[in-house]
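Hi everyone, thanks for coming.

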Amino acid sequence: MSNEISLDSLDREILFHLRQDGRLTNVELAKRVGLTPPPCLRRVKRLEEAGVIAGYRAVIDAEAVGRGLEVLIDVEVSATDRKTFLDFEDTVASYEEVTEFRRMFGRPDYFIRVAVADHAAYEAFLTGKLTGIPCVLRVESHLTMKTIKAGP
């Protein structure tokens, strides 16, 4: 038996509008999806309680907070025991510069997205933090030329 919630077209429309603007009032959201506020609020609450809506957050302009350089990093590690992997993950996840961190199937072992002020700050992160972790075998950096589409 699946825990997956069944979504109808109104639920999907509600999710679309909340992805675009999570600060919409219930009244405005209801107007956009063609409901009155009480049933709209019930649907939003059901989506929240079911875990479909996992939370709300502010989208920060990286440039405005001095982190305008984004670098995507592929990392391979030389570890065969679970503790080394978990220690690596805990260490990297604790770095303020890391905005996304994924363990991958196949190669690379990890994908890391960092946001820093400039190339010097990235070099400091790379040499002072990431490559200093004993199990790091290989690092490949990718600098963004142009962002075509970014997640919410």
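Let me begin with a term: two strands pair if DSSP finds at least two bridges between them. Strands here are DSSP runs of E, at least two residues long, and helices are runs of H or I, at least four residues, numbered from the N terminus. Two housekeeping remarks as well. This is a predicted model, where local features need pLDDT of at least 70 and side-chain atom pairs count only at pLDDT 80 or more, while totals for chains, interfaces and linings use all residues. Residues are numbered from 1 along each chain as its sequence is written, and side-chain values use heavy atoms, with hydrogens and water left out.

So, the hairpin. Strand β2 (residues 98–103) runs antiparallel to β3, and five bridges join them. Across that pairing, Phe 101 faces Ile 112 of β3. Six residues separate β2 from β3, and in that turn Gly 106 has a positive phi of about 75°.

Now, which residues touch the most other members of the largest nonpolar core? They are Ile 73, Val 75, Phe 88, Tyr 122 and Leu 130, out of 20 residues. By core I mean buried Ala, Val, Leu, Ile, Met, Phe, Trp, Tyr and Cys residues joined through side-chain atoms within 4.5 Å; buried is under 20% relative accessible area, with a 1.4 Å probe and protein chains only. β1, α4 (82–93), β3 (110–116) and α5 (119–128) each give two or more residues to this core, and β1 gives the most, with five. Phe 88 has contacts (heavy atoms within 4.5 Å) that include Val 75, Phe 101, Leu 130 and Cys 135, leaving aside residues up to four places away in sequence. A second, separate core has eleven residues, among them Leu 15 and Val 44.

Back to β1, which spans residues 69–77 and holds Glu 76. Is Glu 76 buried or exposed? Glu 76 counts as buried because its relative accessible area is 12%. Among the residues it touches are Arg 107, Asp 109 and Arg 138.

Last, the pocket. On a 1 Å grid over the protein atoms alone, a pocket is an open set of points where a 1.4 Å probe fits, with protein on both sides within 12 Å along at least five of seven lines; lining residues have an atom within 4 Å of a point. The largest pocket is lined by 22 residues, with Ile 60, Ala 62, Glu 70, Thr 99 and Arg 113 nearest its centre. β1 supplies the largest share of that lining, three residues. Thanks, all!

Note on methods. Buried < 20%, exposed > 50% of the residue type's maximum accessible area, 1.4 Å probe, protein only.
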